[in-house]
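Subject: Structure handover

Hello,

Here is the structure for you to look through. My notes follow below it.

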Amino acid sequence: MNCTMEKSKIQMLYDACNDVFSQKELPTFQQIQWLKSILNIFEAADVGIDEFSLDGSPSSSPKITNGLISGQGVSEITYIHIYECDNFSMGIFCFPAGRTLPLHDHPGMTVLSKLLYGSVYVKAYDWVRGENNSPRTNGLAGTVINGVFNAPCEPSVLFPRSGGNIHSFTALTPCAILDVLSPPYSDDFERPSTYFFDFPIPSLPGYALLEERELKLPYDLVVNGAPYVGPPLDVGQDLC
C-alpha cells in the first residue's frame, strides 16, 4: 500500500465512518460535523456517476459510459450499494424525475445524506412522544422538513428521535442522494424499514397522523440495483 497516494473522497468517508461508528458510544456533535464536512465535498463523479450524460432513452438498467453510470439514464429509482458492515452502510439512490421514495423510518439509526445533483422535495416527521418512548407504528407526528432541496446544498442528518427520522423523497428533476446509515437496516436486530401513510391535521398545522402501511414494501415501489463503479475502497487494516 502506497501511503503517500492521495485518498479518494469515498475512502476518506469510509475511514471517517469506520472511526466514528465502530466506537461503543454515540457520535459526538463534533464527530457528526466532521462527517458532514467530508460529505459536503462530494460530487456525483466522486462515486462513479455522470450527472449530465443521458446516452439514449432512460432505461431500467443504467448505462455505463466511459466508466461512469449515466445519472440521467435511469427510468426507476436505482440503488447503488457501496459498502455495508454491522456498524454502518454507504449507498446512493438515483432518481428519475417524478419518482417518490415513500414515507419510511430509520429505527435507532443516525443517517447522513448528501444531495449530489438535482432537486428533491423532502417531507420529514418525528413522533410526538409522551411518557412511553417505545417504537411507534401509528400516531401523532410533527413536521420537521417540508420543502425543496437543490444541489449543491449542505448534507442533512437525522437521529433516532429527531431531525426527521421518518421521511420521503420526491424527485423534481433527476437527482441522486448519497446515504450513510448507522447502524444499517436489519430484520435480525429489529431494525426493519417501515413505510407509512400520513394524514395532515387541518386543525393542527404542522402535525399529521401516521399510519403503518400493511405491506412491508408498497406495491408501487420499484427500486432497481446497479453496480458501484466509483473509486475502489480499501477496507483492510490501515497500514499507514
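In what order do the 3 strands of the open sheet with mixed pairing run? The order is β1-β3-β2. β1 and β2 (64–65) are the edges of that sheet. Each has a single partner strand, so one side of each lacks a neighbour in the sheet. β2 and β3 run antiparallel to one another, joined over 2 bridges. Within that pairing, Thr-65 sits opposite Leu-68 in β3.

Please keep in mind that this is a predicted model.

**Overall picture**

The protein has 240 residues, and 41% of them are buried. Its secondary structure comes to 2 helices and 15 strands. Take the contacts with a separation of 6 or more: 70% of them join residues 24 or more positions apart.

A second open sheet has 6 strands, with antiparallel pairing. Its order is β6-β11-β8-β9-β14-β13. From one strand to the next, the twist averages 30°.

Inside this sheet, β8 and β9 are antiparallel partners over 9 bridges. Lys-123 faces Asn-146 of β9 across the pairing.

The loop between β8 (119–127) and β9 (138–150) holds Val-128. Val-128 has 35% relative accessibility, so it counts as partly exposed. It also belongs to a nonpolar surface patch with Leu-204 and Tyr-207. Together the three have about 230 Å² of accessible area.

**Strand β7 and its partners**

How many of the 8 residues of strand β7 (residues 110–117) are buried? The count is 8 of 8. β7 has antiparallel pairing with strand β12 (residues 175–182), over 7 bridges. In that pairing, Val-111 stands opposite Leu-181 in β12. β7 also pairs with strand β10 (residues 156–158), again in the antiparallel sense. That pairing has 3 bridges. There, Leu-112 has Val-157 as its bridge partner in β10.

Leaving aside residues up to four places away in sequence, Ile-177 touches Gly-91, Ile-92, Phe-93, Phe-95, Ser-113, Lys-114, Leu-115 and Phe-169. Val-120 is 57 residues from Ile-177 along the chain. The C-alpha atoms of these two residues are 9.4 Å apart.

**Salt bridges**

How many salt bridges does the structure hold? There are 4. In general, side chains of opposite charge can pair when their charged atoms come close. Here are some of them:

- Lys-7 and Asp-15 meet through their side chains at 2.6 Å, N to O. Lys-7 is partly exposed, because its relative accessibility is 43%.
- Lys-9 and Asp-46 form a salt bridge at 3.0 Å, N to O. Lys-9 is in helix α1 (residues 9–21), and Asp-46 is in the loop between α2 (29–39) and β1 (49–50), so the pair ties together parts that are 37 residues apart in sequence.
- Glu-76 forms a salt bridge with Arg-99, with the closest N and O atoms 3.0 Å apart. This pair links distant parts of the chain, 23 residues apart. Glu-76 is in the loop between β3 (68–70) and β4 (77–84). Arg-99 is in the loop between β5 (89–95) and β6.

Why do Lys-9 and Asp-46 fall into separate accessibility classes? The line for buried is under 20% relative accessible area. Lys-9 has 26%, so it is partly exposed. Asp-46 has 18%, so it is buried. Arg-99 counts as partly exposed because its relative accessibility is 33%.

Best wishes

Conventions. Residues numbered from 1 in each chain as written. Predicted model: local features only at pLDDT ≥ 70, side-chain atom pairs only at ≥ 80, totals over all residues. Heavy atoms only, no water. Patch = residues over 30% accessible without salt bridge, like charges linked within 9 Å, V, L, I, M, F, W, Y side chains within 5 Å. Areas by Shrake-Rupley, 256 points an atom, 1.4 Å probe, with all protein chains shown as cover. Helix = DSSP H or I, 4+ residues; strand = E, 2+ residues; numbered from the N terminus. Buried < 20%, exposed > 50% of the residue type's maximum accessible area, 1.4 Å probe, protein only. Contact = heavy atoms within 4.5 Å. Pairing = 2+ DSSP bridges. Axes fitted to C-alpha atoms, helices over the stretch in contact; angles between N-to-C directions.
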